[in-house]
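Please find below my notes on the structure. They are set out as numbered points.

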Amino acid sequence: MASQLLTVSVIGGASSAVAWSTLEDWANARTFDEPNEWCPSQWPIGIRLRLDHFVDSLNANRCSPPILYFSCHADTWSMGDMYDQLMQPPVLGKPLHLMSAHHELWAQPLGDGHAIAHHAADFRHQSSGIPEYCWVSNRVQEAAMVYNEEVGQATLLLVRTVVGGLLQDEGRMLDDVPSWIPKIDGEP
């Protein structure tokens, strides 16, 4: 388990086609002995660096077209083992899946959005009420519903960025005030 940031976004229009084509090329650069084992070293270093730059650019431009939807939230509990399943509705093919030292990315063409939205809703209902799974399922469903015919082609992205280890209950004490929070009577 890890502390991670989960970003769900949609890129629309002509930029979607370019992003999809680029991500597909990068995904196809993966070399592996065992297809079910995943690690960043399966991609050339140049691809990993480009993926990091792509995610950094996505984050930096989150409020600008062609970004149609952007949501990022912290998840301090999940293992990260369910995103493949969430991003693969039964009626669609496998999502693109890429890894770098900093990010793990899944991409799925949005189509009309309904297949992904319905799958995310089903996934949420089957998640046994695990809050972290419900949160990310809700975001994927919201993102899929952004689609309309005027958008043209759209690509749904899910990015997992591990920022630390699991926060244990005893490590999440709420009685202590961390140093980064200014105190009312403290100096700036």
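1. Of the 188 residues of the protein chain, 42% count as buried; buried means under 20% relative accessible area, exposed over 50%, and partly exposed in between, with a 1.4 Å probe and protein chains only. This is a predicted model, in which local features need pLDDT of at least 70 and side-chain atom pairs count only at pLDDT 80 or more, while totals for chains, interfaces and linings use all residues. Residues are numbered from 1 along each chain as its sequence is written, and side-chain values use heavy atoms, with hydrogens and water left out.

2. The protein chain has 5 helices and 5 strands, in the order β-α-α-β-α-β-β-α-α-β along the sequence. Helices (H or I, at least four residues) and strands (E, at least two) are DSSP runs, numbered from the N terminus. Among contacts between residues at least 6 apart in sequence, 77% join residues at least 24 apart; contact means heavy atoms within 4.5 Å.

3. The largest nonpolar core has 23 residues, of which Val8, Val136 and Leu156 touch the most other members. Such a core is a set of buried Ala, Val, Leu, Ile, Met, Phe, Trp, Tyr and Cys residues joined through side-chain atoms within 4.5 Å. Strand E1 (2–12), helix H3 (83–86), helix H4 (114–126), helix H5 (131–144) and strand E5 (154–165) each supply at least two residues of this core. The largest share, 5 residues, comes from H5.

4. Leaving aside neighbours within four places in sequence, Leu156 is in contact with residues including Val8, Val10, Met87, Trp106, Ile116 and Val140. A second, separate core of 20 residues includes Ile11, Leu51, Met99 and Leu157.

5. In H1, the buried residues are Ser16, Ala19, Trp20, Leu23, Trp26 and Ala27. Seen down the axis of H1, they fall within an arc of 130°, so they line one face of the helix; the arc is that of the directions from the helix axis to the C-beta atoms. Ala14, Val18 and Asn28, on the other side of H1, are exposed.

6. The 15 residues of H1 should span 21 Å at 1.5 Å a residue, and the end C-alpha atoms are 22 Å apart, which agrees. The expected span is 1.5 Å times one less than the number of residues. Buried residues of H4 include His119, Phe123 and Arg124. After H4 comes Ser128, with a positive phi near 60°.

7. There are 4 aromatic pairs. Rings of Phe, Tyr and Trp (its six-membered ring) pair if their centres lie within 6.5 Å; planes under 30 degrees apart count as stacked, over 60 as edge-to-face and the rest as tilted. The ring centres of Trp26 and Phe54 are 6.4 Å apart with planes at 85°, so this pair is edge-to-face. Trp26 is in helix H1 (residues 14–28) and Phe54 in helix H2 (residues 45–60), 28 residues apart. Both Trp26 and Phe54 are buried.

8. Ile47, in helix H2, counts as buried at 10% relative accessibility. Apart from neighbours within four places in sequence, Ile47 is in contact with Trp26 and Ala29.

9. A cis peptide bond joins Pro65 and Pro66, with omega about 15°. Pro66 is in the loop between H2 and strand E2 (67–75).
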